[in-house]
Amino acid sequence: MLNNIANNLGFGSGIDTAALVSDLAAASRTPKVQRFDALSRAAQAKVSALAQARSDLDSFADSLAELSAGGTLRSQPVTSDDTAIAVTANAGTLLGAYAGEMVVSSLARAQTNYTGYITSATDPVGQGGMTLTVGTTTFAVTVDATNDSLNGLANAINATGSGVRASVINDAGSFRLVLKGESGAAKAFTLAADAGAAPGLAQFATTAMTEGQSASDASFTVDGVAYSRATNNFNDVVPGLTITLKKADPLATITIGATRPTDVLKQTLNDFVSVFNTLKRDTAAARLANNGNPALRAFERQLSAFISQPLTTDANIQSLSDVGISTNRDGTISINSAKLETALRDFPDAVEAIFNPTRDGVRTEVTDPGITFALDALRDAAVATTGPLEQVRAALQRETENIAKNRERMETREDAYRTRLERQYAGMDARIAALRATQSYLEQQITLWNNSDS
């Protein structure tokens, strides 16, 4: 009877306490992990939606800036003879319907002189001083024991900083000294040996050298007005244009005009509508993902206001709405092609100015921001420390960090709970072992009692 009672109490039942501890710990930890996983996925969805809107804005602004900087969206100068002159428009220049005529009588040239053949570039040439005169400025050239050679003389001339460049040319084993100055008549130069200098230096005086060409200014006319310049590259004759002279022909008249990228402007405006709508859609998605965040709602209002924002000071065409872009009921925008065609026909310079910021007379201040600077300003404000996109990004970062910290604290608590379970069930195992020992003793005693009764 006592044996049956012991068995009914569960002595020696062989419970798997390790599995029991694992199951109990999992039952406590799993729902908490699932909750944090859900929070992390939700936070990541918010971050991804915001990042997409930020990426749209960056790509939008950068693409427009590249197009504007590259000159694709502004009129470009053209000439009737690209082999004679090259013409480029300076940044911020609107050429409109510019037309002019140019005649190039002569190119600006630099003076060159060269010596006869000399057998060695390293043998002594004579020591002493020489005077290099460029215009009205003189420079001292010294040949002494440290640089007494053709190479040494060339290095001494180059070290003066006079603008005259000396080169030692190897021509089939013989050497010549070649001097070249800067272009323009005012940069003509002479080189002469000083009194008392070694006789060998006299051969390097310009009076003893052969003159390859003389220094001269460029001579040309623009629309019948005569000009001269010390270089063949200048930007102070036709406002907004940099001109490079390549070939002189006093009998040839070269025309300069401008070609407007009308088709590119149309395509860019249509592309603008498409990209802007993508930005609006992704910003709205970011707002919804962030539970209607008011900062993102404010940014959406700024985007909507951008369409009517003044971009130029032109009386007729000031904003995108003036070229046919309007806002639809759903917040997207569309373009009225007929209104755009009319604007391009009647006010082509003003339409072009929307994409090309213009500057004041000294080109230091932006007077008409154009869409490029205006969009940059919108982006800079949005991502500034107090800007809506940065505020939401910072809040999401804090949310993500808090989720990670809370998850870490949860894991610490669950690890402690599992440790307590392991300690408790280890104690239970010890007590069960003791009970088993007692059971074994009782079973022995019962066996003895039964034997004695019989």
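Predicted model: local features only at pLDDT ≥ 70, side-chain atom pairs only at ≥ 80, totals over all residues.
# Notebook: helix pair, sheets, cores

**Entry 1**

Residues are numbered from 1 along each chain as its sequence is written, and side-chain values use heavy atoms, with hydrogens and water left out.

Helices (H or I, at least four residues) and strands (E, at least two) are DSSP runs, numbered from the N terminus. The axes of α4 and α6 come within 12 Å, crossing at roughly 145 degrees. Axes are lines fitted to C-alpha atoms, for helices over the stretch in contact, and angles run from 0 to 180 degrees between N-to-C directions. On the α4 side I find Thr262, Leu265, Lys266 and Leu269 making the contact, and on the α6 side Leu340, Glu341 and Leu344 (contact means heavy atoms within 4.5 Å).

**Entry 2: the largest core**

Which residues have the most contacts inside the largest nonpolar core? I get Phe272, Leu320, Ile325 and Ile371, in a core of 42 residues. A nonpolar core here is a set of buried Ala, Val, Leu, Ile, Met, Phe, Trp, Tyr and Cys residues joined through side-chain atoms within 4.5 Å. Buried means under 20% relative accessible area, exposed over 50%, partly exposed in between (1.4 Å probe, protein chains only).

Among the elements giving two or more residues to this core are α2 (17–69), α4 (262–289), α8 (370–383) and α9 (388–453). The largest share, seven residues, comes from α4.

I then clicked on leucine 320. Not counting residues up to four places away in sequence, leucine 320 touches Leu269, Phe272, Phe306, Ile307, Leu311, Ile325, Ile354 and Ile371. Apart from this core lies another, of 25 residues, including Ala154, Ile157, Leu179 and Leu191. As background: in soluble globular proteins, nonpolar side chains tend to be buried together.

**Entry 3: serine 319**

Next I looked at serine 319, in the loop between α5 (294–306) and β16 (325–327). Is serine 319 buried or exposed? Buried, at a relative accessible area of 5%. The side chain of serine 319 makes a polar contact of 2.6 Å with that of serine 321. By polar contact I mean a pair of N or O atoms within 3.5 Å; within protein, one must be able to donate a hydrogen and the other to accept it, and residues adjacent in sequence count only if both atoms are side-chain atoms. Leaving aside neighbours within four places in sequence, I see serine 319 in contact with Ile307, Ser308, Gln309 and Ile354.

**Entry 4: the four-stranded sheet**

I traced an open sheet of four strands, ordered β7-β8-β4-β10, with antiparallel pairing (two strands pair if DSSP finds at least two bridges between them). At the edges are β7 (165–171) and β10 (210–213), each pairing on one side only. Neighbouring strands are turned by 25 degrees against each other on average, direction ignored.

Helix α3 (residues 150–158) packs on this sheet, touching β7 and β8 (174–183), and its direction makes about 155 degrees with that of β7. I listed the buried residues of α3: Leu150, Gly152, Leu153, Ala154, Ala156 and Ile157.

Asparagine 113 stands opposite leucine 179 in β8 and opposite glutamate 211 in β10. Two residues separate the strands in the β7–β8 hairpin, where alanine 172 takes a positive phi near 55 degrees.

**Entry 5: glutamine 111**

Still in β4, I checked glutamine 111. Glutamine 111 is buried, with a relative accessible area of 5%. What does its side chain meet? Glutamine 111 has a polar contact of 2.7 Å with the side chain of asparagine 113. A polar atom of the glutamine 111 side chain also lies 2.8 Å from the backbone nitrogen of phenylalanine 189.

**Entry 6: the five-stranded sheet**

Last stop: an open sheet of five strands in the order β1-β15-β3-β11-β12, again with antiparallel pairing. β1 (76–79) and β12 (225–229) each have a single partner strand, so one side of each is left without a neighbour in the sheet. I get an average twist of 30 degrees from one strand to the next. Four bridges join β1 to β15 (residues 254–259), and the bridge partner of proline 77 in β15 is alanine 258.
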